[in-house]
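User: I'd like to learn how to read helix faces, pockets and charge pairs in a model. Could you walk me through an example?

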Amino acid sequence: MNWIAALAAASLGGAAIALAGAPLPWLLGASAAAVALSVANRPAATPKLLTETARATLGFVVGGAFTPAVVAALPAYAPSVALLPLYLVVAVGVGYPLFR
């Protein structure tokens, strides 16, 4: 699948999630579209420069969300963070057989 078709699918996914009123519609919708394409054995091929630029932009956006107030609230999330390794093992254990 060419990258223009992938961009169109991601845009449709984002618009659908936005219409549903869910949070982070353009991130979740595009991600859902990419997963659906991959499961349908139609993974998107994107230009390397576009991929690297998007990854850097996302890194800046996520990194910019770490304000002093967020860092001060991190200890409250310790129990959730402690369970992440277990979640990772379960997710890989379920996902690996499905997607190999």
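User: Let's start with helix H2: which of its residues are buried?

Analyst: Gladly! "Buried" means under 20% relative accessible area, "exposed" over 50%, and "partly exposed" in between, with a 1.4 Å probe and protein chains only. In H2 the buried residues are Pro 25, Gly 29, Ala 33 and Leu 37. These four sit on the same side of H2, because they cover an arc of only 85° around the axis; the arc is that of the directions from the helix axis to the C-beta atoms. Val 35 and Val 39, on the other side of H2, are exposed.

User: Before we go on, what should I know about the source of the coordinates?

Analyst: This is a predicted model, in which local features need pLDDT of at least 70, side-chain atom pairs count only at pLDDT 80 or more, and totals for chains, interfaces and linings use all residues. Residues are numbered from 1 along each chain as its sequence is written, and side-chain values use heavy atoms, with hydrogens and water left out.

User: How are helices assigned, and what span should H2 have?

Analyst: Helices (H or I, at least four residues) are DSSP runs, numbered from the N terminus.

User: On to pockets: how much space lies in the largest pocket, and which residues lie nearest its centre?

Analyst: On a 1 Å grid over the protein atoms alone, a pocket is an open set of points where a 1.4 Å probe fits, with protein on both sides within 12 Å along at least five of seven lines; lining residues have an atom within 4 Å of a point. Grid points are joined across faces, edges and corners, and the volume is the space filled by probe spheres set on the points. Here the largest pocket holds about 730 Å³ of space. Its lining has 23 residues, with Leu 7, Ala 10, Ala 30, Thr 46 and Ala 54 nearest the centre. H1 (3-20), H2 (25-39) and H3 (48-64) each supply at least two lining residues, and H3 gives the most, with eight.

User: Where is Thr 46?

Analyst: Thr 46 is in the loop between H2 and H3 and counts as partly exposed at 43% relative accessibility. Its C-alpha atom is separated by 4.9 Å from that of Trp 3, 43 residues apart along the chain.

User: Finally, how many salt bridges are there?

Analyst: Side chains of opposite charge can pair when their charged atoms come close. A salt bridge is a side-chain nitrogen of Lys or Arg within 4 Å of a carboxyl oxygen of Asp or Glu. A search of the whole structure finds one: Lys 48 with Glu 52, whose closest N and O atoms are 3.9 Å apart. Lys 48 is exposed at 62% relative accessible area, and Glu 52 is partly exposed at 41%.
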